[in-house]
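Good morning, and thank you for making the time.

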Amino acid sequence: MILQAPPARTAQVYTLADSSDPEPVLDIVVPVYNEQADVASSVRRLADHLRRHVPYAARITVADNASTDDTLAISVGLVDEVDGLRAVHLKEKGRGRALNAVWQHSDAEIVAYCDVDLSTDLNALMPLIAPLVSKHSDIAIGTRLSRSSRVVRGPKREFISRSYNLILRTAMGARFSDAQCGFKAMRTDIARRVLPFVADTGWFFDTELLVLAEQIGLRIAEVPVDWVDDPDSTVDIVPTAIADLKGCARVGLALAMGRLPIAELRASIGRDRAAGPRIDGVPMGLVGQLARFCVVGVASTIAFAVLFLALHSFLGAQASNLVALAITAVLNTAVNRRFSFGICGRDNALRHQLFGLAVFVFGWLMTAGSLLLLHSVAPEATKQIELIVLVIANLVATLIRFVGLRWVFRRTSAHNMEIAA
C-alpha cells in the first residue's frame, strides 16, 4: 500500500528574484515578516559566512510571508548584490507556513533555517549540517540548553524556555532538548515525506515536526550553540506560549487517536530509534520495552492494591480481586499497547484487548487459586496477607503477560511494515 499524504495544504510560493545555482547542497531559509530594518544586514552577514566557511554549494532563500512594510522590496533588491540569493513571497502570514512550503519544494539536498536576527552564532552551521551531509542523521537542531552552550538572555525567557521543554518531556515524551531554537536543518528527501503531516503554520511548527520525527524514529542530531537574545524580537511570548500549549494538546490527541500514520512512516523512513540498543542475543527493542512495561506494571500493581483494599470490606477477598484485576487489566493493556510497545491508532485494538482479556482470565485463575490455597492453609489470614499473596501471584502473571503482549504487538508491527512496503 502506498502511503497517502493528507490533501495538499502548503502555501503557494512565488519566486520573485533568484541569483542562485540550481540543486545546491544547502538551502538555508530566512523567514521574514516586517523585518525591513534587519533583513539586508542579516543576509549580507549570512552570505559572507557561507562564502568563507561552508565548502558546499549553498543558497539563501529569504521567505517573506505577507510583510506589510518594505521587507519584500529590500529582499528582491539584494538579489542583484548577493550571489546565491533567492527572494520568495507567500501571501499568507506564518513562519511555519513559509518553512513548510519552501522546504518541501526545495531542490537542495539539505534544507535549513535561521531566524533573521541571527541570534545563533553561525559557527554552529557546519556542525549542524555535517551529520545530514553524511546521512548519519535525518534532522539536526541547535540547542541552547546543552551544558556546553553559551547563552545570553534574560531570566524570564530562560524560565519560559526550560519550562516549555519540561512540558514536552513529561507530557509528550519528547527527548530532544530545545524545541524552539531558531536554528535547524533537515534532509530534503525526509522533509518531503514528513512535512505534509505537519499542520501548524506558526511558531509551534518546530515542535510538531520534532515530536512527529521522534515518533517515526528519525535520528535527530543536537548541536550546542552560542546564542544571544535579540532585545528587539517581535515575538509576543504569552500568546505564543498559549498557542504552543494548544498545539501540544492537538498533536497529543492526534497521536492517541491514531490520526497520524506513525507505523507506516516508521516502516518506510524511520530508524526505529525508540526500540532500544542492539544487544547480541536479545531481540530488538526488548530492553526499552521491558523497562517501560515495568513502569506500567508498578503503576498497575499500586492501582490494583488500592482497589482491592477499598473493595475488600464489602465485597470480600475473591470478588474484590476479580473487580480490581478486571479494571487494571483493561487499562494495563491499553497503556502497554501505546507506551511500552509503540502501537498507535485503533487498528487491531479490539484484538489486543481480547488477548488482554485472555491474559486477565489466566491471571485471575492464578490469583483466585492462590487465595483458595492461602485460605485452606491459614483460614484467619488478614487482608494484608491476602494482598501480599495476590501481588506475588500477579508478578508471575505479569511475566507471562509481557511475553504474550510482546508477541502480539510484534506481529502487529510486522504486519504494518508489510503493508507499508
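This is a predicted model: local features need pLDDT of at least 70, side-chain atom pairs count only at pLDDT 80 or more; totals for chains, interfaces and linings use all residues.

Residues are numbered from 1 along each chain as its sequence is written, and side-chain values use heavy atoms, with hydrogens and water left out.

The protein chain contains 13 helices and ten strands. Both are DSSP runs numbered from the N terminus, helices being H or I with at least four residues and strands E with at least two. Of its 421 residues, 47% count as buried. Buried here means under 20% relative accessible area, exposed means over 50%, and partly exposed is in between, with a 1.4 Å probe and protein chains only. Among contacts in the protein chain with a separation of 6 or more, 80% are between residues 24 or more positions apart; contact means heavy atoms within 4.5 Å.

I turn to the aromatic rings. How many aromatic pairs does a search of the whole structure find? The search finds two. W103 belongs to helix α3 (residues 95–104) and Y113 to strand β5 (residues 110–114), and the two are ten residues apart.

The other pair is W103 with F205, whose ring centres are 6.3 Å apart; their planes are at 70°, so the pair is edge-to-face. Because W103 lies in helix α3 and F205 in helix α7 (residues 205–216), this pair ties together parts that are 102 residues apart in sequence. For W103 the relative accessible area is 1%.

R144 lies over the face of W227, at 4.8 Å from the ring centre. The criterion is that NZ of Lys or CZ of Arg be within 6 Å of the ring centre and within 35 degrees of the ring normal.

Next, the helices. The axes of helix α1 (residues 39–53) and helix α2 (residues 71–78) come within 9 Å and cross at roughly 35°. Axes are lines fitted to C-alpha atoms, for helices over the stretch in contact, with angles from 0 to 180 degrees between N-to-C directions. The crossing of α1 and α2 is right-handed, that is, the near helix is turned clockwise from the far one by less than a right angle, anticlockwise being left-handed. From α1 the contact is made by V39, A40, V43 and R44, and from α2 by T71, I74, S75 and L78.

Apart from neighbours within four places in sequence, I74 is in contact with Q36, V39 and A40. A73, also found in helix α2, is exposed, with a relative accessible area of 53%.

In helix α9 (residues 262–269), I262, E264, L265 and I269 are buried. Seen down the axis of α9, these fall within an arc of 165°, so they line one face of the helix; the arc is that of the directions from the helix axis to the C-beta atoms.

D244, in helix α8 (residues 237–256), is buried at 5% relative accessible area. Leaving aside neighbours within four places in sequence, D244 is in contact with Y164, Q180, W203 and F204. D244 and W203 are 41 residues apart along the chain, and their C-alpha atoms are separated by 7.5 Å.

I end with backbone geometry in two loops. N34, in the loop between β2 (26–32) and α1, has a positive phi of about 55° although it is not a glycine. L118, in the loop between β5 and α4 (125–133), has a positive phi of about 50° and is likewise not a glycine. N34 is partly exposed at 27% relative accessibility, whereas L118 is buried at 7%.

Terms used. Rings of Phe, Tyr and Trp (its six-membered ring) pair if their centres lie within 6.5 Å; planes under 30 degrees apart count as stacked, over 60 as edge-to-face and the rest as tilted.
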